[in-house]
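Please read them with the model in view.

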Amino acid sequence: MPFFLSLTAMVCQTNESYLREVAQIQNLLNSQVEGFIISLARDTQDLDHINRLLRKQIPVVIFDRYAEGIEASKVIVDNQLAAFKATEHLIENGCRRLGCLAGPPNLLISNQRLEGFKEALRKYDLPYNERCVFHSDFTQENSMMQALSMMALPEPPDGILTMSDRIAFSTMYALKQKGIRIPDDVAIVSFNNEPTCIYLSPSLSSVNQSIQEMGSQVVRLLLKQLESEHSVPETVTLSTQLMVRESSMLSKKKVS
């Protein structure tokens with residue numbers, strides 16, 4: 001007789017709130033769910049609610065945003081390498097004063113991408129200037145403010161690595177309102193490769209993370225835990241690809 005596995009998924013949105021993340025996990029526990037797939041909220045620093053699940057031996061898989069100290073299966077990307085390649089692309093296209101619009105200082109993946117940014121500067125013997133690193137909370141207003149503050153520096157960057165498309169969208173809007181040309185005045189590279197990237201003017205260069213592959217691996221790891229009483233935490237690191245578009249392609253005249 002064939003065996004059919006039936007699964008029901010419950011999806012919750014934290015809106016980047018740690019408190020909402022804690023409350024929703026408790027609500028799901030009360031609903032007697034059998035396992036959790038979690039991407040940490042921006043504000044999450046205390047991990048006790050995650051570790052409580054692990055102590056109860058409830059299957060947990062963390063994806064994309066994670067934190068050190070969680071002994072759970074993870075599906076992630078090599079953020080440092082991806083940021084290195086994105087920054088290298090800016091340098092190879094003629095940028096010499098590099099800025100970085102990072103995420104919140106406590107966000108691990110943002111800090112990993114910042115390390116990749118620094119690594120690329122070291123490789124090409126370019127200076128790293130802390131004044132050219134601004135931290136955004138991902139809101140539109142804050143991202144616009146940080147971008148304009150960066151471009152108001154005495155020597156503003158001619159290339160910017162942003163930590164997410166959400167930050168990049170706000171950045172591009174703010175700079176265009178001030179008459180700053182992209183990429184002629186400043187080139188921009190981002191992360192996530194949202195579908196909207198190709199419809200912007202100029203279109204946005206962005207690091208693509210395979211959402212389909214990430215989802216497939218997450219479900220595989222969760223099912224593996226559900227089917228075994230003694231599974232060992234695994235970490236799957238997926239590759240990325242920089243999708244080069246107009247926002248980072250400087251004119252040949254400037255590059256030369």
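1. His89 is buried, because its relative accessibility is 10%; buried means under 20% relative accessible area, exposed over 50% and partly exposed in between, with a 1.4 Å probe and protein chains only. The model is predicted: local features need pLDDT of at least 70, side-chain atom pairs count only at pLDDT 80 or more, and totals for chains, interfaces and linings use all residues. Residues are numbered from 1 along each chain as its sequence is written, and side-chain values use heavy atoms, with hydrogens and water left out.

2. His89 lies in helix α3, residues 79-92. Helices (H or I, at least four residues) and strands (E, at least two) are DSSP runs, numbered from the N terminus.

3. Beyond its neighbours within four places in sequence, His89 is in contact with Val189, Leu242, Val244, Ser248 and Met249; contact means heavy atoms within 4.5 Å. With Ser248 there is also a side-chain to side-chain polar contact at 2.6 Å (a pair of N or O atoms within 3.5 Å; within protein, one must be able to donate a hydrogen and the other to accept it, and residues adjacent in sequence count only if both atoms are side-chain atoms).

4. Strand β3, residues 73-77, is largely enclosed by the rest of the structure, because 5 of its 5 residues are buried. Ser73, Val75 and Val77 are buried on one side, and Lys74 and Ile76 on the other. In a regular strand, side chains alternate between the two faces of the sheet.

5. β3 pairs in the parallel sense with strand β2 (residues 60-63) over 3 bridges, and with strand β9 (residues 235-238) over 4 bridges, also parallel. Pairing requires at least two DSSP bridges between two strands. Ser73 is the bridge partner of Val61, and Val236 that of Val75.
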